[in-house]
Amino acid sequence: MTSPRFSILIPTRDRQETFVHALATVAAQPGDDFEIVVADNASRPGIRAAVEAITSVPIRYLRSDTALNMDANWERGLDACQGEFITILGDDDGFLPSTLEAVRRILNVTRANLLSWPCHTYWWPDTIVPWNRNTLVVGYGSKVYSADSRNTLVGFMNGSISFGSIPMLYNSFAHRSLVGAIKQKYGTYFPVPYIPDVVSGVLLLSQTGRYALSTRPLVVRGNSGRSQGTSYWCRHLGAKRREESQKDEKSPLEALIHPSLIPSPNLHILLASCRLWCHEVLFPSDEELKVDLGPLVDELVASLNFEPEAYDDNLADVRALAAKLGRAIDPASIPPVQVRPRRPSSGPIADEKGNLTSLAVNGNLAGLQNIHDASRLAEALVPELDTFIRA
């Protein structure tokens, strides 16, 4: 195979315990039109050994002898990808058994140059969040829509659309012409060096008019014990992991957070910072994409009891940020702390209208041990694609 249709880039740094299973989910895909690119960021020999054990599919193995920043490691991996369409898979994530078959089908029908999807979620047995350990959350959906890139971009920048709903390289296949256009314009794939997965989504939206959106999840997102994102999602349990990642990235929190804000591991502040950096670097003259920090304080107040264990730290951040922004806080708007028991999720999950949106599965009862197991069970629980709208 000289010209693969698909390149799957797996960046990794010393996480052999999850990487081997993530790699297995891709190597098991049917077809001969794809390649795997592994960007090994100064790992111990176990990563190379896991790659060499796979002989059924082409794998391009790149190793850096010195630890690189995440964006630099991703960039060298992207440079090595030769496929027509490119995606990035985390080293604790997994493809479903049907992922590439579904992608082929959608692209053949829609002719889109960007295809995105939501993800199932698997909380590995070693996740730092004890009440979620070995839990698989399966999302439901079976349709493919044509989405407007500008509307999605504006929604993300004004905070009405979450980062998980934009077409990042982490949850999309992007035509290599889009990736190439970004590098040609900025000289790098990641002109904003913070939170490269989210930044990749902002950049891809800026390069497209429309994109195909599958409501059927095509990947299982893994939250393992060394997940960087989880360390911010669960602030009170993630301090050690955040410290490790900031050391690896050679980027303390003070450098990561935009100077308009306060240094904090609060996820809302982190994402607001990403929006500010993107506007400043990518769209400085686009008023529609300007970030309004006004609602951020209210957003932080409203989310105080999302993680009651970190209530005091988050409340201190609310007050510090309000002072910096010159905002007065009505004391009556601050809810009292609401401690609640933490239990593993199990069974059907519905939205406000009572519609089934997902299903939480107890992985211990289901016999799950890793992302490969989780991806196979997720495949068995989701419906087939049934509706296509040409992009």
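Leaving aside its neighbours within four places in sequence, which residues is Ser 273 in contact with? The model is a predicted one, in which local features need pLDDT of at least 70 and side-chain atom pairs count only at pLDDT 80 or more, while totals for chains, interfaces and linings use all residues. Residues are numbered from 1 along each chain as its sequence is written, and side-chain values use heavy atoms, with hydrogens and water left out.

View 1. Helix α1 covers residues 16-27; helices (H or I, at least four residues) and strands (E, at least two) are DSSP runs numbered from the N terminus. Its 12 residues should span 16 Å at 1.5 Å a residue, and the end C-alpha atoms are 16 Å apart, which agrees; the expected span is 1.5 Å times one less than the number of residues. Thr 18, Phe 19, Ala 22, Leu 23, Thr 25, Val 26 and Ala 27 are the buried residues of α1, where buried means under 20% relative accessible area, exposed over 50% and partly exposed in between, with a 1.4 Å probe and protein chains only. These buried residues pack against several elements, including β1 (6-12), β2 (34-41) and α15 (371-381), contact being heavy atoms within 4.5 Å.

**View 2. The open sheet.** Six strands form an open sheet of mixed pairing in the order β5-β12-β7-β8-β14-β13. Because β5 and β13 (347-350) stand at the edges with a single partner strand each, one side of each is left without a neighbour in the sheet. Strands pair if DSSP finds at least two bridges between them, and β7 (residues 119-123) pairs with β12 (residues 219-223) in the parallel sense over 5 bridges. Within β12, Arg 221 is the bridge partner of Thr 121.

View 3. Ser 273 lies in helix α11 (residues 267-282) and is buried, with a relative accessible area of 1%. Apart from neighbours within four places in sequence, Ser 273 is in contact with Leu 256, Ile 257, His 258 and Leu 261. Cys 274 counts as buried at 2% relative accessibility, as does Cys 278 at 0%. The sulfur of Cys 274 is 4.2 Å from the closest cysteine sulfur, in Cys 278, too far for a bond. A search of the whole structure finds 0 disulfides, a disulfide being a pair of cysteine sulfur atoms within 2.5 Å.
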